[in-house]
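Subject: Structure for you to look at

Hello,

Here is the structure I said I would pass on. Please open it first, then read the notes below it.

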Amino acid sequence: MPTINLALVSEVKGRDPSDVARVAAALQRQASRDFGPIWSVQATVDAFPRLEDVPVGYWPMIVETDINTPGAAGVHEDKNGQPFALITMSDSWSLTASHEMLEMLADPFGRRVIPGKSPKRGQGRVEFLVEVCDPCEAQEFAYTVNDILVSDFYTPHYFDPKVSGGVRYDFTGAIESPRDVLEGGYISWHDPVSNHLWQFLWLRDKEFKDLGKGDFSGHKSIREWVDEQTAHPGIDTGLPEDDPALTDARERGDANQESNVARIATLRDDMKAIMSG
């Protein structure tokens with residue numbers, strides 16, 4: 001299978017480049033170790049200091065200070081039809097970057113659908129949008145890679161017709177049955193009979209939402225149009241600094257830092273011995 005090349009670039013002034021490099025390394029490990037084997041995707045993730053440094057053929061993931069326009073954050077297509085992602089800088093920007101990366105890898109152009117039985121009574125077979133992080137996007141279900149907070153995601157079994165023993169519906173195991181939505185998440189689908197887009201959301205309450213007939217003219221994909229109608233509080237604007245998920249990730253990082261420093265000290269001694277002859 002062809003390898004997808006992603007470029008992580010921060011345009012936030014004064015941001016430590018090592019922070020971007022650490023997140024890129026965590027995303028690379030998540031893509032190759034966790035996501036790739038499950039979704040049959042091969043991808044690289046590299047950090048670049050400037051957008052102008054990104055090689056032709058890479059799909060950029062661009063971190064900005066503020067993205068205030070509704071629906072502007074997320075995955076889009078450029079004028080040449082190639083995907084790119086806009087990510088808002090926040091205390092939890094690694095979680096946002098992971099979310100956008102995984103959805104870009106699973107469905108680069110925002111048009112992929114999978115048929116299945118509708119969660120709404122009275123509807124028959126519908127077409128679910130492939131948004132691999134949305135049903136489990138809340139920070140409570142995130143996990144860490146290299147002590148960096150990243151998003152949970154569902155597996156292709158998420159759309160199985162019924163529950164089966166020993167089947168994994170999402171990476172962390174939080175989802176227990178097909179088409180289940182965890183608190184803080186949602187699922188979207190197209191109903192061919194009414195030609196409307198629908199959602200089941202579990203935000204403050206559980207509810208079905210009729211988004212109406214979508215307008216996918218011009219540059220908009222189905223995913224881009226749906227994202228404009230849907231709030232992603234923890235993803236679009238980030239989590240508060242004292243959020244438990246962020247605090248836990250920081251504590252793990254602090255606990256492992258002593259080991260990291262000791263390992264590098266040993267490496268520097270080895271380098272010094274070799275270079276001194």
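A salt bridge here is a side-chain nitrogen of Lys or Arg within 4 Å of a carboxyl oxygen of Asp or Glu. Side chains of opposite charge can pair when their charged atoms come close. The model is predicted, and a search through the whole of it gives 4 salt bridges.

- R33 pairs with D34, with 2.6 Å between the closest N and O atoms. R33 is partly exposed at 46% relative accessibility, while D34 is buried at 3%.
- R50 pairs with D53 at 3.1 Å, N to O. R50 is partly exposed at 46%, and D53 is partly exposed at 29%.
- R111 pairs with E77 at 2.6 Å, N to O. This pair links distant parts of the chain, 34 residues apart: R111 lies in the loop between helix 2 (93–106) and strand 6 (113–117), and E77 lies in strand 4. R111 is partly exposed at 43%, whereas E77 is buried at 18%.

Next, the cysteines. How many disulfides are there? The count is 0. The cysteine sulfur closest to that of C133 belongs to C136 and is 6.2 Å away, so it is too far for a bond; the cut-off is 2.5 Å. C136 is likewise in no disulfide. C133 is buried at 0% relative accessibility, and C136 is buried at 1%.

Last, K79 sits in the loop between strand 4 (74–77) and strand 5 (83–88). K79 is exposed, with a relative accessible area of 89%. From K79 to T266 is 187 residues in sequence and 50 Å in space, C-alpha to C-alpha.

Regards

Terms used: Residues are numbered from 1 along each chain as its sequence is written. This is a predicted model: local features need pLDDT of at least 70, side-chain atom pairs count only at pLDDT 80 or more; totals for chains, interfaces and linings use all residues. Side-chain values use heavy atoms; hydrogens and water are left out. Helices (H or I, at least four residues) and strands (E, at least two) are DSSP runs, numbered from the N terminus. Buried means under 20% relative accessible area, exposed over 50%, partly exposed in between (1.4 Å probe, protein chains only).
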